[in-house]
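Dear colleague,

I am handing over a structure that will be new to you. Please find it below, followed by an account of what was found in it.

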Amino acid sequence: MEYILTFGPTRAGKSSFLNTISGKQLTLVGDEKGEATTLDVTIYEVDIEYQPVRIVDVPGLEDTRLAVTNKQIRERIELALLDSLCENLDAVLIFVSLATDYFTLRTSIVQLQKEFGEDVLKSVIAVFTKESNSTKKKQNYENVCHELNIPFIYWRNNYDNDEGSYQVPKGNLDKQISDLVAAIKEVKQYPLERVKRNKDLIKERAREMQASYPIEYETQTIDVPSKAVEEYKVAVTKERPQVKREWVQHGIGWVLGQRRTVVVSEKYQEEETRYRDVNTTVQQQVQVEKAKPDFKFFLEMAKKEKVEQLKSLIRT
């Protein structure tokens with residue numbers, strides 16, 4: 001996902017840009033008094049040509065409402081980006097109102113480089129807002145861009161104020177967005193070295209937290225293998241002697257009608273109880289070590305800790 005930083009003086013059209021490019025009221029728009037309406041660094045997610053882009057909206061430079069320095073604004077930017085774990089800016093948009101003189105662009109660039117270093121210029125896109133009938137003024141601005149080798153675009157915003165209202169036609173807006181995308185592809189990414197260093201410190205701190213996390217135990221009931229004797233019944237066929245009296249079937253005994261005693265074998269079934277060994281389990285309570293939270297848990301804790309540290313530094 002791309003990250004784009006908006007930069008420039010109060011009343012340059014940064015907030016109106018956000019509302020125009022998103023098609024909805026994301027942020028308030030300043031009045032003619034020159035008071036900043038963006039009071040803190042805020043990251044907005046918008047779709048640009050069907051691609052998600054995060055735009056980092058910052059207070060206007062030399063704002064008239066907030067008692068913060070440009071250095072503190074930079075620190076707030078880095079803090080917001082640290083919280084998102086972003087490591088690079090894909091572009092830095094410097095907003096300049098054509099209602100001001102062309103020195104405004106140079107001043108904004110000087111302030112930007114003072115806080116982010118000279119290399120940030122390779123990531124800069126000049127965005128000229130508002131209308132001007134002065135061809136010479138536009139040419140002066142463009143000459144500055146050519147001199148510094150930075151791309152530029154002209155951008156008209158929607159507005160609705162005491163002076164009237166204006167809605168950028170869809171075709172014009174599509175052309176503005178297309179020009180912006182082309183300019184973003186033209187510039188280089190700006191590496192956020194401080195954010196990277198803090199991110200490395202967060203990982204190191206998370207590893208420390210994980211290593212020092214106390215071992216905890218819990219009682220669990222487990223099944224332990226065991227042996228048991230099982231009783232079971234079976235039907236067994238047996239034989240037993242049976243004394244019987246029967247008539248003689250042949251010889252003199254048959255003639256005389258004699259009877260004789262004989263012993264025969266009789267089969268019968270009987271249920272027997274038998275025993276066998278079987279495998280079974282018995283329940284047993286044991287103390288086992290609790291599983292530690294995964295690394296993401298400690299990473300989130302370390303990140304919150306670092307964010308609070310940086311916030312305290314910004315406040316002081």
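**Salt bridges and helix packing**

With a relative accessible area of 30%, Arg106 is partly exposed. This comes from a predicted model. Arg106 forms a salt bridge with Glu147, and their closest N and O atoms are 2.6 Å apart. The two partners lie 41 residues apart and link distant parts of the chain, Arg106 being in helix H3 and Glu147 in helix H4. Glu147 counts as exposed, at 52% relative accessibility, because exposed means over 50%.

The helices that carry this pair also pack against each other: H3 (residues 103-116) and H4 (residues 135-148) meet at an angle of about 35 degrees, with their axes 9 Å apart. H3 contributes Thr104, Leu105, Arg106 and Ile109 to the contact, and H4 contributes Tyr141, Val144, Cys145, Glu147 and Leu148. By class, six of these residues are nonpolar, one is polar and two are charged.

In total, 16 salt bridges are counted. One of them joins the side chains of Arg205 and Glu305 at 2.9 Å, N to O. This pair also links distant parts of the chain, with Arg205 in helix H6 (residues 193-212) and Glu305 in helix H8 (residues 295-315), 100 residues apart. Arg205 is partly exposed at 31%, and Glu305 is partly exposed at 29%. Elsewhere, Lys238, Glu270, Glu272 and Arg274 are linked in a salt-bridge network.

**An enclosed helix and its neighbour**

Helix H1 (residues 14-22) is largely enclosed by the rest of the structure, because eight of its nine residues are buried. The buried residues are Lys14, Ser15, Ser16, Phe17, Leu18, Asn19, Thr20 and Ile21. Among the elements that cover them are strands E1 (2-7), E2 (42-48) and E3 (51-57), together with helix H5 (170-186). Just after H1, Gly23 has a positive phi of about 80 degrees.

A polar atom of the Asn157 side chain lies 3.3 Å from the backbone nitrogen of Phe17, and a polar contact of 2.7 Å joins the side chains of Asn157 and Trp155. Asn157 itself counts as buried, at 12% relative accessibility.

**Confidence**

The average pLDDT of the chain is 84, and 90% of the residues score at least 70. Over residues 30-38, however, the pLDDT is below 50, although this stretch has 26 contacts in the model beyond near neighbours in sequence. Where pLDDT is low, predicted coordinates should not be read in detail.

Yours sincerely

Conventions:
Residues are numbered from 1 along each chain as its sequence is written. Side-chain values use heavy atoms; hydrogens and water are left out. Buried means under 20% relative accessible area, exposed over 50%, partly exposed in between (1.4 Å probe, protein chains only). Helices (H or I, at least four residues) and strands (E, at least two) are DSSP runs, numbered from the N terminus. Contact means heavy atoms within 4.5 Å. pLDDT is the predictor's confidence in each residue, from 0 to 100. Axes are lines fitted to C-alpha atoms, for helices over the stretch in contact, and angles run from 0 to 180 degrees between N-to-C directions. Ala, Val, Leu, Ile, Met, Phe, Trp, Tyr, Cys and Pro count as nonpolar, Asp, Glu, Lys and Arg as charged, and the others, Gly among them, as polar. A polar contact is a pair of N or O atoms within 3.5 Å; within protein, one must be able to donate a hydrogen and the other to accept it, and residues adjacent in sequence count only if both atoms are side-chain atoms. A salt bridge is a side-chain nitrogen of Lys or Arg within 4 Å of a carboxyl oxygen of Asp or Glu.
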